[in-house]
Amino acid sequence: MVSDVRQSDGCPDLEFTLKGGEHALHAEGDLRAGRRWFESAYRAAELGGDGEGLARAALGLGGVWVHEHRTAAEAAAVRARQKRALAAVEPGSPLALRLRARLCAEEDYRTGRHTAILHVLAQARLAGDMVAVAEALSLAHHCLLGPAYGPLRLELAEELIGQASHTGRHGDLVMGLVWRTVDLFLAGEPHATRSLAELRGTLKRREHLAGSFVVRAIDVMLAIRAGRLAEAEELALECAESGAAAGDIDATIWYGAQILTIRWFQGRLGELVPALTELVNSPDLSTLDYSYTAALAMAAAGTGNRRLASGLLARLRGGDLPSSSILLVSLYGMAETACEIEDAGTAAQLYERLLPYAKLPMIVSLGATCFGSAQHALGVAALTTGAVDLAIQHFRAAVRDNLALGHWPAAVLSRWRLAQALARRHGPGDESARRERAQAEDEAAELGMALPAESTPRAHVERRGRQWHVELGGRVALVDHSVGMGYLATLLANPGREIRAADLAGGSEDGVTNQPLLDGQAERTYKERLNELESDIEELEAMYDTERATALRAERDWLIAELAAATGLGGRVRSFTGSDERARIAVGKAIRRALARIAEVDPVIGAELKAGVHTGLRCSYRPR
């Protein structure tokens, strides 16, 4: 502790303080104690005008990881001290090299790059200073945590393990083993647990608080994968306490991610909306961390808050998300949100971004938690765009890959989605869909999971000239206009709401938001075209061009009929002149004929609509 620092004439003993900080940081992995020692050492070096001491202290203030200082004020203060220290030492010295590595790594990480730190690493190798090489290797590794750099990261980790035998620093060996273990988990390697066992053995022989924090986090992830969700929650709290003891800024952030994952698989993510709303704006988040924004969007969508979900998704979609250790889980949250709010455009973009990483697990940071195979998110994105066959392929792969990972909750969820996709392709009565759904339900019950509500897509109907465009779950049917299609359009525009058959027949709004036979733009276009036709007909008749005039009059008469069918001539709403019973019979027959025509074009859409549309004195559409 700083209070134990030796004093000389009222000033701390600089060398003693520096060695205390270096031991805390590189031997014990105690980030909090290291910061205290180096803060005291920096002040002592300033007072004594000791440039080398200033450089060693400024280096130590950076810590073990990149971006340990999260607030703008803290980061700027440490960066200014390191630049000042760099100017106080010989440019070609090992201390200058180490300081440049730290400064370049911090800048690269902040901007989502890695070019500068790799350049300094090459310089350190040429200089032959083993400590400088070891530190540059670890810093470079941290800047390469995006999913595209797995092979390169593993090379750096193996090199760092070798360098540790030259530096003699316990922390270098621990960091090398930590990075290798993390790399293997991020790659989905089946033998990652062997590397974890080696790391655990090294820490058992000699403690390192920062390294132990990572091991405890991975233990939480493995408990989640095994479906031991209650135990995982207890381990998450112990992990947070371990991180706090080490002085790691990510202790709270990782705990939040772990609880979020547990609640997701428990079907309780909506409970976290208030907490996530606060965490999104936390200064403790990394500059590259947008995963909590994606999580909040997913939670908001799940609770029916489409406005919040859409806004958050637009915010994420508007930026070019940099490659980082939380890229895949962020894309996962975005894909689930896009699916819930039926945003096919965003889903298509997400699919392209995810596709190169299809074989990777979606892991948070250094193994804090895991959402399963990226194949699942690809399946969700494909399903949202209406590519049902492609979605089925991805969900089958997700089930297989999640079983290989030993991630039972993720496998259950992928099987559940697979059942939905199969039902969407072949209809709700499909035997394979029923089988997958039943197995998912049984496995979910065993694990204490609550599966998501059945997300049957709503049907959308739009009038396009003489035809109706009927869409459901990516499937499309084009059906000729009929009175029954007009009634059906009103029901589909008001899912879950009962509407009197007499109101449908008479066009009475009576508080109902009817879908017009022509939308506003179409009606304006039709009227503009009528004016043009009247003028052209008069001109052709004056020229005695009866053939062309007759053709235009036919088009004019059709447009007049369309406008009359939509609103009544002069904008008056037509009325149905029969009793409620006559309306029930007439409307029911018209809707059933419309449904039969849809079924002829697409049996799956037809079957789904027949099951959801109810006729009688009151009619309704209730998606299953």
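**Entry 1: ground rules.** I count a residue as buried under 20% relative accessible area, as exposed over 50%, and as partly exposed in between, with a 1.4 Å probe and protein chains only. The model is predicted, so I took local features at pLDDT of at least 70 and side-chain atom pairs at pLDDT 80 or more, while totals for chains, interfaces and linings use all residues. Residues are numbered from 1 along each chain as its sequence is written, and side-chain values use heavy atoms, with hydrogens and water left out.

**Entry 2: the whole chain.** I looked up the totals. The protein has 624 residues, and 53% of them are buried. I found 28 helices and ten strands; these are DSSP runs numbered from the N terminus, helices being H or I with at least four residues and strands E with at least two. For contacts (heavy atoms within 4.5 Å) between residues at least 6 apart in sequence, 63% join residues at least 24 apart.

**Entry 3: H67.** I went to the loop between α3 (51-61) and α4 (72-87), which holds H67. Is H67 buried or exposed? H67 has a relative accessible area of 8%, so I list it as buried. The phi of H67 is near 65°, a positive value in a residue other than glycine. Most residues other than glycine have a negative phi.

Entry 4: I then checked the loop between α17 and α18, where E342 is found. E342 also has a positive phi, about 60°, and is not a glycine. At 38% relative accessibility, E342 goes down as partly exposed. D343 lies in the loop between α17 and α18 (344-354). Its side chain makes a polar contact of 2.8 Å with the side chain of T346. For that term I use a pair of N or O atoms within 3.5 Å; within protein, one must be able to donate a hydrogen and the other to accept it, and residues adjacent in sequence count only if both atoms are side-chain atoms. Leaving out residues up to four places away in sequence, D343 touches L313, R317, A338 and T384.

**Entry 5: aromatic pairs.** How many aromatic pairs does the structure hold? I got six. Rings of Phe, Tyr and Trp (its six-membered ring) pair if their centres lie within 6.5 Å; planes under 30 degrees apart are stacked, over 60 edge-to-face, and the rest tilted. W264 is in helix α13 (residues 250-266) and Y332 in helix α17 (residues 327-340), so I note a link between distant parts of the chain, 68 residues apart. W264 and Y332 are both buried.

F265 and F371 form a tilted pair, 6.4 Å centre to centre with 35° between the planes. F265 lies in α13 and F371 in strand β4 (residues 369-373), so this pair ties together parts 106 residues apart in sequence. Both F265 and F371 are buried. I also noted that ring pairs link W264, F265, Y332 and F371 into a cluster.

**Entry 6: a charge over a ring.** The charged end of R81 sits over the ring of Y42, 4.4 Å from the ring centre. The term asks for NZ of Lys or CZ of Arg within 6 Å of the ring centre and within 35 degrees of the ring normal.

Entry 7: A134 belongs to helix α7 (residues 130-143). Its relative accessible area is 1%, so A134 is buried. I list L160, Q163, T167 and D172 as touching A134, not counting residues up to four places away in sequence. From A134 to L156, 22 residues apart along the chain, the C-alpha separation is 9.6 Å.

T293 is in helix α15 (residues 291-302). At 10% relative accessible area, T293 is buried. Residues up to four places away in sequence aside, T293 touches V280, L312, R315 and L316.

**Entry 8: helices α23, α27 and α28.** In helix α23 (residues 483-492), nine of the ten residues are buried. Among them are G484, M485, Y487 and L492.

Helix α27 (residues 580-601) packs with helix α28 (residues 603-612) at about 150°, their axes 5 Å apart. I therefore class α27 as roughly antiparallel to α28; that label needs an angle over 145 degrees. Axes are lines fitted to C-alpha atoms, for helices over the stretch in contact, and angles run from 0 to 180 degrees between N-to-C directions. L595, I598, A599 and V601 of α27 meet P603, I605, G606, L609 and K610 of α28.

Note on methods: Angles under 35 degrees count as roughly parallel, over 145 as roughly antiparallel, 65 to 115 as roughly perpendicular and the rest as oblique.
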